[in-house]
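Biologist: I would like to go through this protein with you, one question at a time. Could you put it on the screen?

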Amino acid sequence: MVSEALAQTLKTFDPHRHRLVALTGAGVSAESGIPTFRGNDGFWRIGSRDYQPQEIATMETFRQYPEKVWQWYLYRLGLCRSAAPNPGHAALAAVEAHLKDRFTLITQNVDGLHLAAGNTRARTLEIHGNLSYLRCARECTPGITPLPLPGTRRDRDTPLTEAEAAQLHCPYCGGWARPHVLWFDEIYNEHYYRAETALGAANRASLLLVAGTSGATNLPNRIVYQAARRGVTIIEINVAPSPFSRLVTGSPGGGFIQAPAGEVLPEMATLLSGRNSG
Ligand code: OAD
């Protein structure tokens, strides 16, 4: 599936000299059964009974209807907690184990599946947050804490119980806690979303792998366009062409692979590890 030219790029990646950054999106978790955002059954196409999807994921809606917003995130959490990492996740964990500090994973996914597959917290930048965590909505403290609920499967319109609502409050000020995810009416920052660290890692990369993202969000766009301007090798994996596909084809030694991430990433991990026979 990986062309001979791209295989050559991967085989010549020097684990003692080069740095690899992987940028992932919802397509990487699609093979674990988690809907993407903009696909036909995507989260941003199917909302809840009362809201259009993109209205739910805002601070403005949360301020007015915190229970409704939480009910939707608990539905998504249930989907994520019942999913398991797929071979694409496992491959990226293997690449990190091989490259160690010469690897950084920048993920837009909030499902925690990269961590579950074995990528380390230190080298995984969850730039859109993680559904398994919450924080004070008023920011009375800057802390991020694990969600104190099991995250079992539920329907998207199942209301919160009183007991659940009680758990979703800040233990310090008593106000609502919020999901630790970036919303549409908010901006990236370093403290919660590691935005500067992500840009810095991308600026030092010699090879950028972009997998399973439609390129619709701001920071991933900056990462890919900055890398292209620096003349970095970029390889994209996606089941369909994205706004990045033409750009990556013009990068030195880079290119676009139209195939599922769960099939291509394991092949790439083998080529990077030098364990391939060819
Ligand atoms: P999207 O739903 O926008 O795009 C998913 C991409 O994955 C598409 O380009 C698909 O073609 C591709 N894809 C689907 N299945 C695949 C597979 N098996 N292998 C490879 N590619 C596959 O999801 P994202 O790009 O991740 O942000 O969306 C970015 C952000 O937009 C999300 O993190 C979310 C959303 O608003 C926040 O919630 C802050």
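Biologist: How much area do domain 1 and domain 2 bury between them?

Modeller: Keep in mind that this is a predicted model. The protein is divided into domain 1 (1-34 + 85-128 + 190-278) and domain 2 (37-82 + 129-181). Of the area buried between these two domains, 52% is on carbon and sulfur atoms. The total buried between domain 1 and domain 2 is about 1300 Å².

Biologist: Which residues in domain 1 lose the most area to domain 2?

Modeller: On the contact count, 16 residues of domain 1 touch 17 residues of domain 2. Three residues of domain 1 together give 45% of what that side buries. They are Ile-34, Val-110 and Tyr-192.

Biologist: How many salt bridges does the rule find across the interface of domain 1 and domain 2?

Modeller: Side chains of opposite charge can pair when their charged atoms come close. The rule asks for a side-chain nitrogen of Lys or Arg within 4 Å of a carboxyl oxygen of Asp or Glu. By this rule the count comes to six salt bridges. Across the interface of domain 1 and domain 2, the number found is zero.

Biologist: Which side chain meets Arg-123 in a salt bridge?

Modeller: Arg-123 lies in the loop between α7 (113-117) and β3 (124-126), and its partner is in helix α6 (residues 87-99), so the pair ties together parts that are 27 residues apart in sequence. The distance from N to O is 2.7 Å. The partner of Arg-123 is Glu-96.

Biologist: Is helix α1 parallel or oblique to helix α13?

Modeller: Helix α1 (residues 4-11) and helix α13 (residues 261-273) have axes 7 Å apart, and they pack at an angle of about 50°. Angles under 35 degrees count as roughly parallel, and 65 to 115 as roughly perpendicular. The angle therefore makes α1, relative to α13, oblique.

Biologist: Which residues in α13 meet α1?

Modeller: By class, this contact has five nonpolar, no polar and one charged residues. The α1 side consists of Ala-7, Leu-10 and Lys-11. In α13 they meet Met-268, Leu-271 and Leu-272.

How values were computed. Residues are numbered from 1 along each chain as its sequence is written. This is a predicted model: local features need pLDDT of at least 70, side-chain atom pairs count only at pLDDT 80 or more; totals for chains, interfaces and linings use all residues. Side-chain values use heavy atoms; hydrogens and water are left out. Axes are lines fitted to C-alpha atoms, for helices over the stretch in contact, and angles run from 0 to 180 degrees between N-to-C directions. Helices (H or I, at least four residues) and strands (E, at least two) are DSSP runs, numbered from the N terminus. Angles under 35 degrees count as roughly parallel, over 145 as roughly antiparallel, 65 to 115 as roughly perpendicular and the rest as oblique. Contact means heavy atoms within 4.5 Å. Ala, Val, Leu, Ile, Met, Phe, Trp, Tyr, Cys and Pro count as nonpolar, Asp, Glu, Lys and Arg as charged, and the others, Gly among them, as polar. Domain bounds come from an automatic or database domain assignment. Buried area is the accessible area (1.4 Å probe) that two parts lose on being put together, summed over both.
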